[in-house]
Amino acid sequence: MQTIPLSSGAANAHQSFSVSLGGQVIRFDINFLSYLDSPAWAMDLYRDGTPLALGAMLEPGCDVIETYNTGIGRLVFVGDAPTLDNLGITNELVWVAS
């Protein structure tokens with residue numbers, strides 16, 4: 001189990017970083033979607049430039065990549081529903097190896 005670093009606030013509304021998960025380097029592109037009726041965070045994942053998941057929504061209490069065939073394990077979002085100001089503060093994204 002490993003916690004993925006997430007940053008909140010308007011300055012981090014579009015963030016990109018890489019994390020090693022089980023020996024695989026995964027790039028995370030995380031974007032705040034303010035134009036939705038209910039603003040939300042979406043996540044794209046890449047391995048060696050190849051998309052693994054596009055538009056995965058950060059929803060509390062679930063494996064946010066469950067419907068994708070990524071081969072990297074599970075990414076579980078836990079805690080409060082994410083807002084622009086609480087991402088990574090009152091919630092977290094946790095990687096669990098399969």
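Strand β2 (residues 14–21) and strand β3 (residues 24–33) run antiparallel and are joined by 8 bridges. Helices (H or I, at least four residues) and strands (E, at least two) are DSSP runs, numbered from the N terminus, and two strands pair if DSSP finds at least two bridges between them. Strands of a sheet pair through backbone hydrogen bonds, either parallel or antiparallel. The model is predicted, so local features need pLDDT of at least 70 and side-chain atom pairs count only at pLDDT 80 or more, while totals for chains, interfaces and linings use all residues. Residues are numbered from 1 along each chain as its sequence is written, and side-chain values use heavy atoms, with hydrogens and water left out.

Q15 faces I30 in β3, and V19 faces I26 in β3. The hairpin of these two strands has 2 residues between them, and in it G22 takes a positive phi near 60 degrees.

R47 is opposite T50 in β5. β4 and β5 form a hairpin with 2 residues between them, and D48 lies in the loop between these strands. The phi of D48 is near 55 degrees, a positive value in a residue other than glycine. D48 has a relative accessible area of 75% and is therefore exposed. On this scale buried means under 20% relative accessible area, exposed over 50%, and partly exposed in between (1.4 Å probe, protein chains only).

A further open sheet of 4 strands has the order β1-β8-β7-β6, and its pairing is antiparallel. Its edge strands are β1 (2–4) and β6, each of which pairs on one side only. β1 and β8 pair in the antiparallel sense over 3 bridges, with Q2 opposite W95 in β8.

T70 is in the loop between β6 (62–63) and β7. Is T70 buried or exposed? Its relative accessibility is 6%, so T70 counts as buried. A polar atom of the T70 side chain lies 3.3 Å from the backbone nitrogen of I72. Apart from neighbours within four places in sequence, T70 is in contact (heavy atoms within 4.5 Å) with R47, L52, A53 and I65.

The other residue, L84, is found in the loop between β7 (74–79) and β8 (91–96). L84 has 24% relative accessibility and therefore counts as partly exposed. Not counting residues up to four places away in sequence, L84 touches S8, G9, A10, A13, F32 and W41. L84 and A11 are 73 residues apart in sequence, yet their C-alpha atoms are 9.7 Å apart in space.

For the protein chain as a whole, the secondary structure comes to 0 helices and 8 strands. The radius of gyration is 12 Å, close to the 13 Å that the globule rule gives for 98 residues, so the chain is as compact as a globular protein of that length. That radius is taken over C-alpha atoms, and the rule is 2.2 Å times the number of residues to the power 0.38. Along the principal axes, the C-alpha atoms fill a box of roughly 35 × 25 × 20 Å. Buried residues make up 43% of the 98 residues. Among contacts with a separation of 6 or more, 30% are between residues 24 or more positions apart.

Methods
A polar contact is a pair of N or O atoms within 3.5 Å; within protein, one must be able to donate a hydrogen and the other to accept it, and residues adjacent in sequence count only if both atoms are side-chain atoms.
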